[in-house]
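Colleague: Could you walk me through this one, and tell me how each label was decided?

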Amino acid sequence: MTPTSRSSVENYRARTLTPGLGRLIDITDIAPSPGGDRIAVTGNVMDSLDRPPHPTCHLIEVATGKIRRLGGVGPSAWSSDGTSLAYVNTPTSVAILDTVTGSRRSYELPGVIEYLRFAPRKSSVLAGVAQMSADRSGADGSGALSQDAPPLETHPVEDSSHDAGWRHAWRIDPEEGTVCQVSPPGWNVWEADWCAAGIVAVASRHPEESAWYHARIVMLRGPHTPPRVIARSAAQLGLLCASPDGTAIAYAEAICSDRGIVAGDAKILDLHSQEITPVDSGNVDVTSLAWRDESTLLATGQCNLTTVVAEATRDGNWRQVWSSEQRTCGDWYPNAVPIATDDGPGFAAAIHDYGHPPALTIVTSAGEHTLLDTGNPGSDYRRSIGGTLHATRWHAPDGLEIAGLLATPNSPPPHPLIVLIHGGPVAAYRPSWNLIYDWTPLLVASGYAVLHPNPRGSGGRGQQFASLVRGDMGGADTHDLISAVDALTQRGAIDPQRVAVTGRSYGGYMSAWLATQDDRWAAAIPMAPVTNWISQHFTTNINSFDEIFLDDTVTNPAGRFFSRSPIFFAERVRTPVLLIGGGQDRCTPPGQAVEFHHALSHHEKDSTLVIYPNEGHHINSPGARSHLLVALLDFLDQHMPAAGAPDRNRPSGSSPLQEPVTDNSAPVPPAAHDPRQAGRNRGR
Ligand SMILES: CSCC[C@H](NC=O)C(=O)N[C@@H](CO)C(=O)O
């Protein structure tokens, strides 16, 4: 670790984060009251630079913008008369606040509460409860849900005592003061909502993450009766919500690679007639659904790089009410919720773009009204050093147009380039504040252009486009990425001698794979990668994923489990490789990075391995994150220094990232981020 990169990262973190300490820095859940006069908001607050942000609920008065901190960890739900607000108070308890009297009662549940739904016109609350041993989704960072459990001493996915935790639906009855499980044993409930006949759910017969890929929509019939299946799909099912009168449900049918990252075709199922009406959203992949009233849904979606908000009626008609190619809302994908306003029906969303962090905004036909802006001098500073983001398009060798977002320093081109490949593969970039990973502004400020490509298989371009990666991972999408580098070179935007490839999860797989397929890369940095689909199949908690997306069986020796695994082509690699993994990752276990490192070392290639013992699929703790960024900058600087990168001979403090800050943070405690396992092999 060079002191220069270290001080760059520490200064970057201090200057971008310190001004936001103690304040909301993002918005993760928005719940408007039925009358639209108040909005319950959950967002993250960071108290100190060396602790991860924590979620907190707030209540905002729409007329005045007055904000009250409720505490709790969210999310929340309103009763239909607007007099009660339920919110997750601690990970395992729900608070129900009487907003008229101010009194509050708390209900303890036997696990981690993931979502809440108030029964229409009643006081009961439905809670989705996951047992402590249940897995987080890969999209949520993987690892066990239990925050307090000590890190496992053994390799987590090989620990046979690890019992997959179940997820169940529970009912809280405030009038009786009781809580009870309402889903039957033997059925795992991923999502649920009230309906006229009881409760509808996305459910599967097994609790493991892998079972989600085959989940169905069921009608729950109490804790002692098997549910009745009411909808199934060859793809995945999500975004379930029931109409306020409980007579219909809306959901999305989508090709998904991750639980919680859903973009697809919206459907409405009439629970009485059993008739399913497709919503005609055209080229828009639907990413969130919420009923405005008995007959109208507010839907959000992505169409290529554009974010779309629309209203859909029960007969499947679609009317766009807002769209932007420059701004977006939501987290992994666009998200917005309906709100009643004096100007008529509107929507509330956390709107952001590459230059502005999320701002809670109410949008009506009369215009936009910002209620809460999470911007602060730290985000202003980040904008000032983060360069410019442009949409860019190129053609793959087979003629298919591919789109992406290119972030460039404000210095003249050509720039050294980092190709930052998103995970999934069915996810997508759009012009958002964090561009999924939150690394781009630092890389741009260090002198690198960063390409965020949406190769075939990405979300937001329809189910046919998403399906192009099924049975062909590491196939045509490889050429979508290579052709991007060719196009940017031809346009004079980048220096082809200094191109790195990186990404996490599926992006980590593609980074390792590209290093085996082409020698043009100056550096490859696969993070949480898959490098051997065969061992991945037997160690991951989502082995349905590889079967679906390789469209093959692990026992086929001539099949894609072999032919698309980077490890079997390690001898071809000419690129220096830095492999990163999380010790608690159950999605792409750390063994995937370890195996590739050993294979590269066996062939005397230049490989470095860093495993963070206490991290999951995402590297979240501030210490490990800082270590990762320093390792990344050092590796890039070593193999493809940026012209505008800090000059090693320049005195500290003379580059934008090294200016001393007045309110500096404490240095990162070394014990928090010392990699347990780090190896280096200097190859030929
Ligand atoms: C390559 S195996 C699984 C990869 C994972 N997708 C499914 O779980 C993945 O790429 N996750 C992304 C999110 O899309 C990530 O960034 O973690």
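Colleague: Which residues are the closest to the ligand, and how many surround it?
Modeller: There are 18 residues around the ligand, and the closest are Gly 138, Gly 423, Gly 424, Ser 505 and Tyr 506. A residue counts as near the molecule if its C-beta atom, placed from the backbone, lies within 6 Å of it. Keep in mind that this is a predicted model, where local features need pLDDT of at least 70, side-chain atom pairs count only at pLDDT 80 or more, and totals for chains, interfaces and linings use all residues. Residue numbers run from 1 along each chain as its sequence is written.

Colleague: How does the shell around the ligand divide by class?
Modeller: The shell has nine nonpolar, seven polar and two charged residues. Ala, Val, Leu, Ile, Met, Phe, Trp, Tyr, Cys and Pro count as nonpolar, Asp, Glu, Lys and Arg as charged, and the others as polar, Gly among them.

Colleague: What makes the bond from Gly 424 to Pro 425 cis or trans?
Modeller: Omega is near 15 degrees there, and the bond is cis. Pro 425 sits in the loop between β32 and α3 (440-445). Helices here are DSSP runs of H or I with at least four residues, strands are E runs of at least two, and both are numbered from the N terminus. The bond from Pro 413 to Pro 414 is cis as well, with omega near 0 degrees. Pro 414 is in the loop between β31 (401-408) and β32 (415-421). Worth a flag, since most peptide bonds are trans.

Colleague: Is Val 419 buried or exposed, and how do you know?
Modeller: A residue is buried if 20 or more other C-beta atoms lie within 10 Å of its own, exposed if 12 or fewer, and partly exposed in between, with C-beta atoms placed from the backbone. Val 419 has 27 such neighbours, so it's buried. This residue lies in strand β32. Leaving out residues up to four places away in sequence, Val 419 touches Leu 451, Pro 453, Leu 481, Ala 484, Val 485, Val 499 and Val 501. Touching means C-beta atoms, placed from the backbone, within 7 Å of each other.

Colleague: Why does Trp 166 get the label it has?
Modeller: Trp 166 has 20 C-beta neighbours inside 10 Å and the rule says 20 or more, so it counts as buried. You'll find Trp 166 in the loop between β10 (125-130) and β11 (167-173). Its C-alpha atom is 6.2 Å from that of Ala 134, although the two are 32 residues apart along the chain. Beyond four places in sequence, Trp 166 touches Gln 131, Ala 134, Asn 188 and Pro 207.

Colleague: And what makes Asp 285 buried or exposed?
Modeller: Asp 285 has 30 C-beta neighbours inside 10 Å, so it's buried. It lies in strand β21 (residues 285-291), and among its contacts are Ala 263, Gln 302 and Gly 459.

Colleague: Why are α1 and α2 called oblique to each other?
Modeller: The axes of α1 (residues 3-17) and α2 (residues 377-385) come within 6 Å and cross at roughly 130 degrees. Axes are lines fitted to C-alpha atoms, for helices over the stretch in contact, with angles from 0 to 180 degrees between N-to-C directions. Under 35 degrees is roughly parallel, over 145 roughly antiparallel, 65 to 115 roughly perpendicular, and the rest oblique. The pair is therefore oblique. Arg 15, Thr 16 and Leu 17 of α1 make the contact with Gly 378, Tyr 381 and Arg 382 of α2. That contact has two nonpolar, two polar and two charged residues.

Conventions:
Two residues are in contact if their C-beta atoms, placed from the backbone, lie within 7 Å.
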